[in-house]
Amino acid sequence: MTDALKRLSDEGVAIWLDDLSRTRITSGNLAELIDQQHVVGVTTNPSIFQKAISEGHGYDQQLEDLAARRVTVEEAIRMITTADVRDAADVLRPVFDSTGGQDGRVSIEVDPRLAHNTKATVAEAKQLAWLVDRPNTFIKIPATRAGLPAITEVIGLGISVNVTLIFSLERYREVMDAYLAGLEKAKAAGLDLSKIRSVASFFVSRVDTEIDKRLDALGTPEAKEARGKAAVANARLAYEAYEEVFSSDRWAVLDKAQANKQRPLWASTGVKDKAYKDTLYVDDLVAPGTVNTMPEATLEAVADHGRITGDTVRGTYEQARAELEAVAKLGISYDEVVQLLEDEGVEKFEASWNDLLKSTEAELKRLAPSEG
């Protein structure tokens, strides 16, 4: 084993685990990953919870209790998922305290069926923050058109936010703008800005998956040459935008008021194409002040053979622009791809949530006490 994870951490990249289950908490595995693998945060999403609850027996006792109380399936899911997030937040609390609130965070997502409803998203974010009731929680809000004003509103209330499902550079700039607007609202309300944190989850591997599919359909030597480059290029240009926004005059005013930068978080960093090295989206996206949230397989791959050679983002912006331009010259529309990925991202989480509803409902019915 190399200590690539320590080197990654030393380069200013916070290592988060993109997975959570009750068994992972109760077995001590999460604590072990924090202690031995430099993990300093956890992200969840509807797909992760659907998988966790549908596998094994870790939730049987709670499901039985919920069935006895005859709660609705929606309430049951919220009780189950917030219990996991609360317990994980307690495991990560020492990290939160030792990093001054920067890490030691656990993210929980608003109901994905609300992704296009601003008012309902704000209400759900407030409810989740109240239910989990831990200072080291992030409420995940998708970066949809309706999500942007919700981000501003929720940040303005002093609730820390993980903005998710960001694919495009334009949308990322809108997300940063929404965050700054939220901080300005919080400042006007007299809130302590130093207590408000945010990350912006910029998705990586899905960009290559979609663009590579279109390149393969073209089948030309130029198309073959362009494979596997767009996702990293896109993320590197996102970091350039981050540097620009958080060195602006607008930011300087908030910085004086003790506000925190919204860190870029590289999400979807598990490599889907076996032709690429399995640590690609970690090795090639090392930059200070970032987060990389990895599925466990990627975490293990980086620990085993990751090549952490210092900052691999700054100084690459011209090359990144050229790589995206090469794709555009082949007739592949960047705007079309990123909009499709956003739409699909919301649909996939909604489908996972619906699967979660169905499987939980079946369990509640099975465990429901007989009448009388």
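Which helix and which strand each supply at least two residues of the lining of the second largest pocket? Select α7 (118–132) and β4 (137–142), and you have them both. Keep in mind that you are looking at a predicted model.

**Stop 1: the second largest pocket**

With α7 and β4 still coloured, look for the space itself, about 370 Å³ of it. Its lining is made up of 20 residues, and the ones closest to the centre are Arg134, Pro135, Gly158, Ser160 and Lys195. Colour the lining by class and you'll get eight nonpolar, six polar and six charged residues.

**Stop 2: the largest pocket**

Now head over to the largest pocket, with a volume of about 510 Å³. Pick Asp18, Asn45, Ile48, Ser268 and Pro295, which sit closest to its centre out of 25 lining residues. Next, highlight α4 (46–54), β5 (161–166), β6 (198–203) and β7 (263–267); each of them gives at least two residues to the lining. The largest share comes from α4, with three residues. Colouring by class here shows seven nonpolar, ten polar and eight charged residues.

**Stop 3: salt bridges**

Side chains of opposite charge can pair when their charged atoms come close. This model has 34 salt bridges, so let's visit a few of them.

Start with Glu184 and Arg250, whose side chains meet at 2.8 Å, N to O. Zoom out and you'll see that the pair links distant parts of the chain: Glu184 belongs to helix α9 (residues 169–188) and Arg250 to helix α13 (residues 249–256), 66 residues apart.

Then select Arg227 and Asp212, where the closest N and O atoms are 4.0 Å apart. Arg227 is in the loop between α11 (221–226) and α12 (230–245) while Asp212 is in helix α10 (residues 205–218), so this bridge ties together parts 15 residues apart in sequence. Is Asp212 buried or exposed? Asp212 is buried, with a relative accessible area of 4%, whereas Arg227 is partly exposed at 22%.

Move on to Asp283 and Lys277, a salt bridge of 3.5 Å, N to O. Asp283 is buried, at 2% relative accessible area, and Lys277 is partly exposed, at 38%.

**Last stop: a network**

Finally, select Arg145, Arg171, Glu174 and Glu342 together. Salt bridges link these residues into a network.

Note on methods
Residues are numbered from 1 along each chain as its sequence is written. This is a predicted model: local features need pLDDT of at least 70, side-chain atom pairs count only at pLDDT 80 or more; totals for chains, interfaces and linings use all residues. Side-chain values use heavy atoms; hydrogens and water are left out. Helices (H or I, at least four residues) and strands (E, at least two) are DSSP runs, numbered from the N terminus. Buried means under 20% relative accessible area, exposed over 50%, partly exposed in between (1.4 Å probe, protein chains only). On a 1 Å grid over the protein atoms alone, a cavity is a set of points where a 1.4 Å probe fits but cannot get out, and a pocket is an open set with protein on both sides within 12 Å along at least five of seven lines; lining residues have an atom within 4 Å of a point. Grid points are joined across faces, edges and corners, and a volume is the space filled by probe spheres set on the points. Ala, Val, Leu, Ile, Met, Phe, Trp, Tyr, Cys and Pro count as nonpolar, Asp, Glu, Lys and Arg as charged, and the others, Gly among them, as polar.
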